[in-house]
Amino acid sequence: MENQFNDTLIICENPDSSDQRVVLNLTQRTASFENCHSPRSGIGGFGFEPIRECNFDEILAVTDFLTGDHRGLFYKIVFAFSHVNSGDLASVFISTDFGRSRIFAKWNGFTELRSELRRICSQQSRSGHWEDNPRLVALYLGPLMLAIVGGIIWLLL
């Protein structure tokens with residue numbers, strides 16, 4: 001399916017997988033996530049729901065990761081010491097009442113989808129779930145790294 005941006009539909013799809021896409025219907029004010037939405041659960045969402053449809057009111061937040069407003073300096077430094085290309089991880093996290101979705105910048109229609117979702121979320125008074133924020137990885141890694149380095153120093157003394 002080709003990338004579309006018209007008065008009623010915004011379609012964003014994974015070019016590497018024909019079954020992963022997000023469709024925003026601006027007339028009906030709905031978002032359909034096809035094989036790219038993880039349900040919220042107590043142990044974290046594993047796997048994708050085949051299809052999840054929600055109203056615009058149920059979209060809580062859109063958080064940039066290594067794109068748009070997120071510079072990602074910490075992640076870029078960490079990735080510089082590994083084989084990971086930070087450009088491949090550029091994406092947005094979409095938090096909904098039901099779970100979350102991650103859409104990568106390389107997907108067809110990403111720019112239009114991101115700008116429309118940010119417009120939709122700017123009209124919301126609610127915020128996303130705290131665990132959906134991709135920046136929490138740094139919050140977990142910092143104390144873990146301090147504990148490891150502190151343990152090594154303690155053992156060497």
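I started at I148 and found its place in helix α3 (residues 136-156). Helices here are DSSP runs of H or I with at least four residues, strands are runs of E with at least two, and both are numbered from the N terminus. I noted that this is a predicted model, where local features need pLDDT of at least 70, side-chain atom pairs count only at pLDDT 80 or more, and totals for chains, interfaces and linings use all residues. Residues are numbered from 1 along each chain as its sequence is written, and side-chain values use heavy atoms, with hydrogens and water left out.

I148 is partly exposed, at 41% relative accessible area. My cut-offs: buried is under 20%, exposed is over 50%, partly exposed is in between (1.4 Å probe, protein chains only).

**Strand β8.** Next I looked at β8 (residues 99-104). G99, S101 and I103 form its covered face, while R100, R102 and F104 form the uncovered one. In a regular strand, side chains alternate between the two faces of the sheet. I then checked the neighbours of β8. Strand β7 (residues 91-96) runs antiparallel to β8, joined by five bridges. The two form a hairpin with two residues between them. Strand β4 (residues 30-39) also pairs with β8 in the antiparallel sense, over three bridges. Pairing needs at least two DSSP bridges.

**Helix α2.** I moved on to α2 (residues 110-122). Its 13 residues reach 18 Å from first C-alpha to last, close to the expected 18 Å. The expected span is 1.5 Å times one less than the number of residues. I listed F110, L113, R114, E116, L117, I120 and C121 as buried. The buried residues of α2 pack against β2 (9-13), β3 (21-25), β6 (59-65), β7 and β8.

**Whole chain.** I logged three helices and eight strands. Their order from the N terminus is β-β-β-β-β-β-α-β-β-α-α. Of the 157 residues, 39% are buried. Among contacts (heavy atoms within 4.5 Å) with a separation of 6 or more, 57% join residues 24 or more positions apart.
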